[in-house]
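Reader: Let's walk through this one together. Could you show me the model before I start asking?

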Amino acid sequence: MTHEIAMTINGQREQVQVPAGMTLLELLRERLHLTGTKEGCGIGECGACTVLLDGAPVTSCLILAVECDGRDVRTVEGEIENGRLSELQRAFIDAGAIQCGFCTPGMIMSARALLERNPDPSDEEMVEAIAGNLCRCTGYQAILQAVRLAAERARARDATGGGHLASDRNASPTLDRKGRER
Amino acid sequence: MSDGLQYVGKPISREDGVDKVSGAARYTHDLSRPGMLHTAVLTSPHASARIVSIETQAAEALPGVRVVLTGDSLCYRLGLYMQDKCILARKVVRYQGEAVVAVAADTLDIAREACRLVDVSYEPLEPVLDPQKALEPDAPLVHPDLGDYDHMKGVFFPEPKTNIAHHQKIRKGDFDAAYASADVTLEAAFTNPPVQHVPMETHATIAEVRPEGRVEIWTSSQSPYTVRHLMSVAFGLPHANIRVHVPYVGGGFGGKAGLGLEPLAYVLARAAARPVKVVATREEEFNTLPSRQGLHAAIRIGATNDGKITALKATYTWDAGAYADYGVNIGRAAAYSGAGPYSIDNCWIDSRVVYTNKIFGTAFRGFGHLEILWGIERAIDMMARRLDIDPVAFRRANLLEKGDTTITGERFTAGHGNPVACVDAAAEAIDWGMPSAPPGTPHRVRGKGIAALHKAPAMPTYTSCAAVIKLDEDGAADVLISGVDYGQGTYTVLRQIAAEELKLPIEKAHVTWDCDTSFSPYDWQTVASRFAFMGGNAVIEAAADCVRQLKAVASQALDVSPEDLVCKDGRVFVDGIPERGLDYADLSLGYSFPNGNSIGGPIIGHGRYIATGLTHLDPETGQGLPAQYWTYGAHAVEIEVDTETGEIEILKIVTAIDAGKVLNPKLADGQVVGGVLQGLGSALWEGFRFDEHGRFLNPSFVDYKIPTAKDVPRETEQILLEYPQTGGPYGARGIAEHPMISVPSAVGNALFDALGIEFTALPLNYERILLRILESGERA
Amino acid sequence: MLGGFDYVRPRSIEAACRALAEAENPSILAGGTDLLVEIRNGFRSPDLLIDVKGIDELGHLDTDGEEWIVGATVPLNVLAERRAVRDALPALADAALSIGTYQLRNRATLAGNLCNASPAADSAPVLMTIDASLSVAGPDGRRTVPVSKLFTGVKRTCLLPGEIATNLHIPRPERHVRTAFLKQQRIRGHDLAVVNVAGAYDPSPKRLRIAIGSCAPTPVLLEPIDGSGSTAAVVAHAVELAAAATSPISDVRASADYRRAILPVLLRRLIDQLLDGGGAP
């Protein structure tokens with residue numbers, strides 16, 4: 001049986017008919033041709049399929065499309081602002097945080113979610129945020145530098161009153177790795 | 001230090017970064033062709049069995065199924081060095097996980113459903129799982145027809161009626177005599193399990209067949225021309241009929257060199273007369289697609305009391321798994337490298353590549369060298385201790401130096417690099433000789449270890465590479481090459497070289513990303529840490545060709561001799577008179593005089609590089625010149641062990657590599673940091689597990705663990721030395737594999753320092769460490 | 001496609017129970033992080049998934065002063081990030097945060113972790129030591145099962161067909177009660193437990209409860225231990241009880257020898273933390 005669902009994807013409203021068994025990842029890649037989000041394992045272990053569901057990073061291979069009815073989904077394709085790379089994307093390039101690039105979309109979504117919930121994350125929080133994204137090429141250090149760089153640049157820009165990095169979404173309290181409030 | 005270079009040696013960012021951060025980069029996983037079918041594969045549950053029957057009617061009858069293929073209809077043998085592999089198993093299966101049936105259908109779900117409807121009946125046979133057992137006279141034969149297989153004659157020597165796919169020998173001097181007369185001797189054995197590359201993008205291929213025997217392939221591969229060549233040989237198609245595209249590739253590490261899914265995709269596409277896509281699931285990537293071979297190493301060393309190694313013998317028994325195409329070359333490379341970077345007068349090596357009924361091995365970053373260095377660098381440390389000499393001093397006294405000869409008779413020159421400097425740099429950075437600070441927590445101990453490394457590209461003597469540079473209408477340059485940038489950043493380095501040599505602002509130099517055998521010039525394979533060296537040299541020559549053409553036209557246009565012209569910032573002008581010149585844009589498609597007469601034409605430069613001076617190795621002694629260049633290095637590591645749980649933490653790991661010339665420090669740093677962590681994966685966590693029937697037990701990330709961001713060492717340091725390489729572009733040599741290959745050895749050596757326990761098997765996981773601690777405590 | 005199943009999203013528990021009763025081979029879908037993997041790998045083939053995340057009653061995380069009520073659909077991150085939970089029950093927060101990855105914890109639930117009933121379930125030991133209980137709703141009404149009685153075998157619970165977990169009830173411990181959780185993994189990155197242990201210590205009346213996971217077909221709650229006497233004696237007693245109550249096996253993750261070797265170590269470290277003031281109240 002197919003279900004009619006509607007959701008917002010990267011700010012655009014999408015209305016589709018999907019079988020119950022279709023995952024969000026399949027919907028994005030095969031139906032909507034948003035191939036930026038990747039499949040790395042199919043069992044939620046590698047993070048290559050990470051997207052933001054109502055702002056929370058999740059592995060889309062383990063979410064059914066039907067569960068997303070009425071929800072907001074953001075993928076790496078939505079990271080671009082007015083045809084220009086976002087500050088976070090630019091930071092990945094500048095920090096040398098990309099090699100083969102296959103983990104990069106998932107990493108960017110995990111980093112985006114982190115910076116939205118916490119614009120000034122500690123090193124530990126950054127590690128926790130991307131620890132669910134496997135990378136075989138970079139050794140992670142440059143990726144952590146990219147997140148740090150993006151956060152610093154955004155804070156500097158906010159301090160001078162220009163623009164913003166973090167969207168104004170429901171901010172949860174800033175927490176350290178053990179969940180303690182800072 | 002100013003070397004006058006504008007782009008080479010600078011931390012230029014990757015141009016492909018933009019596509020990758022925006023999701024615009026399309027990998028084979030992301031591609032599709034109109035009318036494309038999807039593939040599912042049924043694999044063998046047995047490690048060794050005769051295929052009795054395969055019932056496919058129910059699968060074929062399923063609506064949406066277009067093709068069901070079994071090995072019976074596919075009598076092709078595949079291989080680059082040893083043609084021992086079929087596309088789908090024929091008559092027998094040789095490993096659990098081997099592909100037996102393939103289905104192409106309208107959707108992946110239908111293909112998978114069809115596989116569930118296929119009925120295969122097997123007669124299980126006794127598998128041989130241990131390479132040592134496979135060498136015994138009455139062992140089951142994995143390839144009874146080994147004698148009939150085509151192979152690269154004169155280079156590889158399979159032994160029919162055995163499980164030996166190849167036996168490489170090194171015979172330098174007289175080991176037996178030297179060992180017998182040595183002051184001190186040591187004998188030890190070491191093992192490595194098979195591991196997997198784990199590229200984040202699994203193997204994927206699309207094949208589309210055109211009328212009149214033509215085929216077009218898109219594939220996640222490191223070697224488009226090798227794919228084309230092997231397909232041509234296997235299927236009898238002219239090379240020009242096979243067009244291979246390589247888009248973005250999500251990691252390779254050697255696992256995507258040679259042939260992968262391309263033959264299967266092709267035969268399905270041919271049978272279906274529609275494009276077919278084959279994508280490996282992550283489980284298939286582990287269980288069906290190749291791995292790194294396992295190794296058993298028996299090492300004997302003899303030395304003088306004052307610390308000079310006089311004799312070394314290594315017996316390498318490679319667990320090739322069911323097929324040995326790449327395995328034989330690894331066995332060969334391991335032999336000629338197999339004593340480590342040392343000067344040894346009497347060295348005998350026997351490197352045997354042995355078939356077993358397990359997943360087969362292929363190239364993996366380091367190509368046998370991580371495996372042999374595990375044994376060699378551990379044995380070196382053990383010998384140092386036996387001699388009561390500091391391990392760093394012992395290495396210093398024996399590392400190759402100018403005037404020494406290697407074990408294949410190659411003379412070591414200054415242009416080879418500086419292994420001693422690498423060991424010294426690593427030792428200094430870890431404060432070698434100073435004890436570690438005491439750990440802050442009870443039940444923890446610390447230790448330090450060091451290990452040297454070396455590797456040369458393992459490639460045929462005729463390996464070659466070509467580059468074409470075409471100038472655009474606006475004077476910008478496009479570089480066409482068939483190297484594949486699967487993350488290592490080679491394209492960026494070549495872009496820098498092109499800009500440097502063409503005297504062009506770097507924004508106007510591009511390397512065309514997609515590689516297409518129809519128009520990208522030939523390259524052998526992007527493996528072996530060879531491409532910056534060979535591709536770099538080819539680009540330099542191609543750029544020089546462009547500059548010559550630019551000057552030739554400009555000299556006529558400006559009415560001066562070409563010798564009086566210089567190039568700078570995209571302009572050709574009379575030396576000393578910049579205003580008397582022309583922009584490249586004025587010349588790149590030809591030049592028109594004011595009266596309309598036109599001269600020259602589109603400027604296209606070409607360059608090439610072929611391996612020079614390499615020879616085959618003598619089949620009995622292994623003497624010859626196999627190596628275009630060697631890269632030397634060392635790892636030093638400080639560890640901390642929880643002696644109650646076996647948990648090991650890397651406090652600091654230093655990697656020193658002699659790069660000759662660092663072409664791009666940002667990229668080089670990335671290669672080292674990434675390679676070190678991948679090396680730690682092999683050192684501490686990774687390894688295939690099999691049950692007693694040869695069935696694979698950990699084919700997923702649940703139980704095959706690779707390092708995450710939480711597993712990064714507390715501190716890493718990367719030291720890149722620059723002792724120029726003879727013949728290297730700007731003096732550079734390859735460094736892509738080297739950051740990985742002595743990491744396990746350094747950790748093993750550090751564990752002895754910390755615990756007084758000699759570890760000889762990998763991985764050095766918490767369980768192994770703790771159980772050995774307990775065992776040694778019981779014995780104490 | 002993960003499978004040919006159908007999908008419903010009831011708005012009430014009654015509707016969910018009805019769907020459960022009417023379908024031939026249904027499964028409950030909350031976080032889906034275990035269920036969908038099992039379906040993908042062919043271990044389960046339901047014909048209907050009943051998504052309970054639309055049932056408002058199941059999505060709350062509340063306290064009435066006496067106990068915490070964790071709705072069955074509350075994701076682990078929400079639980080672990082609630083400051084008051086972290087303050088009152090640090091071990092529970094630790095256990096929740098040790099499960100999977102950050103992404104997984106935005107979907108996976110405590111109830112799901114329990115109902116999946118892996119012997120290595122990371123939430124089970126803590127919940128057993130603090131007398132938590134699971135409320136379920138079924139065709140015969142509602143009942144509550146102590147977590148310590150929930151598990152009946154490897155991946156088996158005492159829940160009856162037709163029953164749906166609704167809430168976890170976690171008694172609010174007295175301020176002076178200390179809790180702790182330790183988990184031995186194979187790697188620092190996300191991993192299943194090789195062995196996990198949890199403890200709750202009430203200094204007055206010096207009562208220690210310990211539970212152990214991944215060393216038996218189910219998580220095991222040891223009988224209460226008297227915490228008076230030296231720490232070393234308490235540890236020795238706990239180790240003795242643990243040896244009698246557990247039966248570690250060798251599997252792809254670890255050998256029985258390794259599990260047997262580290263269990264006493266983890267118990268000692270746990271008890272040191274609880275008795276000697278390492279763990280914060």
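Reader: What percentage of the 182 residues of chain A count as buried?

Author: Quick note before that: this is a predicted model, where local features need pLDDT of at least 70, side-chain atom pairs count only at pLDDT 80 or more, and totals for chains, interfaces and linings use all residues. Residues are numbered from 1 along each chain as its sequence is written, while chains are lettered from A and ligands numbered from 1 in the order in which they are written. Buried takes 20 or more other C-beta atoms within 10 Å of a residue's own, with C-beta atoms placed from the backbone. For chain A, the share comes to 59%.

Reader: In what order do the elements of chain A run from the N terminus?

Author: Helices (H or I, at least four residues) and strands (E, at least two) are DSSP runs, numbered from the N terminus. Chain A has five helices and five strands. Their order is β-β-α-β-β-β-α-α-α-α.

Reader: How are helix 16 and helix 17 of chain B oriented to each other?

Author: The axes, lines fitted to C-alpha atoms over the stretch in contact, come within 8 Å and cross at roughly 55 degrees. Angles run from 0 to 180 degrees between N-to-C directions. Under 35 is roughly parallel, over 145 roughly antiparallel, 65 to 115 roughly perpendicular and the rest oblique. So helix 16 of chain B is, relative to helix 17 of chain B, oblique.

Reader: Which residues of helix 17 of chain B meet helix 16 of chain B?

Author: A contact needs C-beta atoms, placed from the backbone, within 7 Å. Helix 16 of chain B brings Val676(B), Gly679(B), Leu680(B), Ser682(B) and Ala683(B). Facing them in helix 17 of chain B are Val743(B), Pro744(B) and Val747(B).

Terms used. A residue is buried if 20 or more other C-beta atoms lie within 10 Å of its own, exposed if 12 or fewer, and partly exposed in between; C-beta atoms are placed from the backbone. Two residues are in contact if their C-beta atoms, placed from the backbone, lie within 7 Å.
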